[in-house]
Amino acid sequence: MNILTMLWNNLRGGSRTMLFPARPKVSKGYRGLVRFDPALCSGCAICKFRCTARAIDFKSGKGTFTWSYDPGQCTFCGRCVEGCKTHALSQEAECPPVYVTIGALKKAYTVARKPAPKPAPAAPPGPASPEANPATGGAQ
Amino acid sequence: MNLWNRLMCYCRRRSPWLFHMNAGSCNGCDIELIASLTPRYDAEQLGVRLEGSPRHADILCITGPVTHNSVQAIKTVYGQVCGPKAVVAIGSCPATTNVFIDSRTVDGPLNKHIPVDVFVPGCPPRPDAIILGVAKAAEILANRAALKLPVEPVAMPLVGPGCGDACACAAATAPATVASAPVPAAREAQP
Amino acid sequence: MNLTTALARFLIFPGLLFAVPVAWFFLWVERKAVALMQGRIGPPFMQPVYDFVKLLGKDTPPRSGVAGLLMRMWPLIAVSAAAGAVGLLPVLPSSGGFEGDLILLLALLELPSMCIIAAGFSSRSIFGEIGSAREAVLSVAYNVVFLLAIVSIAASQHTFRLEALAQLPASPLRWLGVLAILVCLPAKLHLNPFSLPNAEQEIYSGPMTEYAGPELAMWELSHGLEWVAATGLVATLAAPHVTFVWLAILLFVALSFAVVLLLSVVAAATARLAIDTTVRFYWQCSLIFAVLAVSSALFMRLLS
């Protein structure tokens, strides 16, 4: 008779359904569409290397590069976001939208390369280095 | 649009019957599709019914990158779905083959074989996204049928070869371009 | 019963004009009740109407040959048989009828399942054949109980006339018969736990696999009319006799509604049984019921 008590509780307790256009909120760490911040990107293309589905494409041009992303190809694994050293990539905590034409969600950004930072002047040899070298030499 | 057309449009939107087909999917999207029938999301509030036969359904929901073994089956089932129909590609796999790109056993995205109306991205998509996709497909189907646009020109056999039965819509529209889609002979020869 | 009364009962009340909206209502009630009991909201109120109209607008695959003609014919026969069965029900207090109309009612109630069996075979699909074979086995099993119940009710009250059965006060054997009919109804109406013939995803809709469009709409309609006829039969057998017309109609609808709710609870609470368990259940049921019915009929004969 367990099933009958379950049915009765369901009848009394009301339905747990969300009425159609309402959608449940996604949790905080939800991995949705990848967002790109051109200001932070250093042009290293590690994201293209790490992408499992070849959703990210990186093309170098003269003084610019183009970063393009196809959400239809994306598997939302987050490897690109993890690998980005400058935190230019992040994932939206939102469900990707439904689309009707193929390739409708593709995005491409052309970013001008930043001038390379000047190399820092060579550090003067400190007192610690001569002592450290024989130690490492001895250890080998 | 006269009264009958308006009535049909109204009813077609509110009664989308699905047939689900797995074209080599990992089953993640299939599970989420079944999850959309559970109490929390309840696709039945839109009148969605998961049907057992493609002849009963309006909307064909396909998951999975289309593997070689499933290409003929997909085309056959698409031909068996009757009347005004729509196709929903659930997940990233049917839209773009996702992580299986360049795989030897995968034969291209779904819209290489049959016309697709709605793409629901996600790996797997959430059940509420799938329901949204189905609702959009029902709307597209109803509008397309109401405007009597030339539609899905496929004539596919029934069960078994050479049966010759096909949907009546195929006779009225352009000859099949999809049925004659070039399939490399070398791949066909593989068991 | 003359021709005009017969046509009025078949077409208007309680026939098609009355029964088709009630059929759609009962189909909705069953889906909504099962949904509420499963903790979800169900389809909207007009859902069976939307389904029916949408199906009318779909294309059908071309059907060729005699098999094609038969395929088109079976749903129409099923709808007319079910509508005729509803029309024979003695809803109104003085509805007429004729001697032996109980037997005609039984025959008309059987026809839709015969049509389903024939339709599965004439569709020449293997899934249709499997589904029809299952429906045939199930039909034999539950019909023994069903017919025994009806015959024992009729024999105990010494009449085969529905109107007389509705008017006579109920005997204990009649309640036993009504109980037996209620046990058969889930199998007749393809509900859990005996929903085997249209086991979806298992045999791809069984006998209905090759049907599409308006033919499928007719099958859904015949299914709904079967609901009305079967629950109406229970309602007329169980209802006390009243003379006021509107009260009789109200009582009929209310009792049918109660039977629909009961069947929905059974459908929501159980899972589909396999064919051997189902058949064993019904044969055991019929054995017990047959012994009870025959012994009580003999007992009452001895008493009277």
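## Chain A at a glance

Chain A of this predicted model has four helices and five strands in its secondary structure. Going along the sequence, those elements come in the order α-β-α-β-β-α-β-β-α. Chain A runs to 140 residues, and 21% of them are buried.

Take the contacts in chain A whose partners sit at least 6 apart in sequence: 75% of those join residues at least 24 apart.

## Where chain C meets chain A

On this interface, nine residues of chain C are in contact with eight residues of chain A. Helix 2 (16-37) and helix 10 (245-269) of chain C each put in at least two residues on the chain C side. Sorted by class, the chain C side that touches chain A has six nonpolar residues, two polar and one charged.

C:Met37 sits in helix 2 of chain C and counts as buried because it has 22 C-beta neighbours inside 10 Å. Setting aside neighbours within four places in sequence, C:Met37 is in contact with A:Leu7, A:Asn10 and A:Leu11, and also with C:Ala268. C:Met37 and C:Ala268 are 231 residues apart along the chain, yet their C-alpha atoms are separated by 6.9 Å.

## Where chain B meets chain C

Here 25 residues of chain B are in contact with 30 residues of chain C. On the chain B side, helix 1 (3-13) and helix 6 (168-172) each supply at least two residues. Helix 1 of chain B gives the largest share, four residues. The chain B side that touches chain C is made up of eleven nonpolar, seven polar and seven charged residues.

Helix 1 of chain B turns up again around helix 3 (residues 47-56) of chain C. Seven of the ten residues in that chain C helix are buried, so the rest of the structure largely encloses it. The buried ones are C:Gln47, C:Pro48, C:Tyr50, C:Asp51, C:Phe52, C:Lys54 and C:Leu55. They pack against helix 1 of chain B, and against helix 2 and helix 9 of chain C as well.

## Two helices side by side in chain C

Two packed helices are described by the angle between their axes and the distance between the axes. For helix 6 (residues 126-157) and helix 11 of chain C, the axes come within 9 Å and cross at roughly 15 degrees. That angle is why helix 6 of chain C counts as roughly parallel to helix 11 of chain C. The crossing of these two chain C helices is left-handed.

The residues that meet include C:Val137, C:Leu138, C:Val145 and C:Leu148 from helix 6 of chain C, with C:Tyr282, C:Trp283, C:Phe289 and C:Met300 among those from helix 11 of chain C. By class, this contact has 19 nonpolar residues, four polar and one charged. C:Leu287 is also found in helix 11 (residues 275-303) of chain C. It counts as partly exposed because it has 13 C-beta neighbours inside 10 Å. C:Leu287 lies 142 residues from C:Val145 in sequence and 8.4 Å from C:Val145 in space, C-alpha to C-alpha.

In soluble globular proteins, nonpolar side chains tend to be buried together. The largest nonpolar core in this model has 144 residues, and B:Ile59, B:Leu60, B:Val88 and B:Val134 touch the most other members. Helix 9 (residues 213-238) of chain C gives the most to this core, at 14 residues. A second, separate core has 18 residues, including A:Trp67, A:Phe76, A:Cys80 and A:Ala88.

What does B:Val88 touch, leaving out residues up to four places away in sequence? Its partners are B:Ile59, B:Cys61, B:Asp117, B:Val118, B:Val120, B:Gly133, B:Val134 and B:Ala137.

Most residues other than glycine have a negative phi, and most peptide bonds are trans. A cis bond joins B:Cys123 to B:Pro124, with omega about -5 degrees; B:Pro124 is in the loop between strand 5 (118-120) and helix 5 (127-147) of chain B. The bond from C:Phe13 to C:Pro14 is cis too, with omega near -5 degrees, and C:Pro14 is in the loop between helix 1 (3-11) and helix 2 of chain C.

As for phi, C:Arg124 has a positive value near 55 degrees. C:Arg124 is in the loop between helix 5 (101-122) and helix 6 of chain C, and is partly exposed, with 17 other C-beta atoms within 10 Å. C:His190 has a positive phi of about 55 degrees and is in the loop between helix 8 (172-188) and helix 9 of chain C. C:His190 is buried, with 20 other C-beta atoms within 10 Å.

Key
Residues numbered from 1 in each chain as written. Chains lettered and ligands numbered in written order. Predicted model: local features only at pLDDT ≥ 70, side-chain atom pairs only at ≥ 80, totals over all residues. Contact = placed C-beta atoms within 7 Å. Nonpolar A, V, L, I, M, F, W, Y, C, P; charged D, E, K, R; others polar. Buried ≥ 20, exposed ≤ 12 C-beta atoms within 10 Å, placed from the backbone. Axes fitted to C-alpha atoms, helices over the stretch in contact; angles between N-to-C directions. Parallel < 35°, antiparallel > 145°, perpendicular 65-115°, else oblique. Left-handed = near helix turned anticlockwise from the far one by under 90°. Core = buried A, V, L, I, M, F, W, Y, C linked by C-beta atoms within 7 Å.
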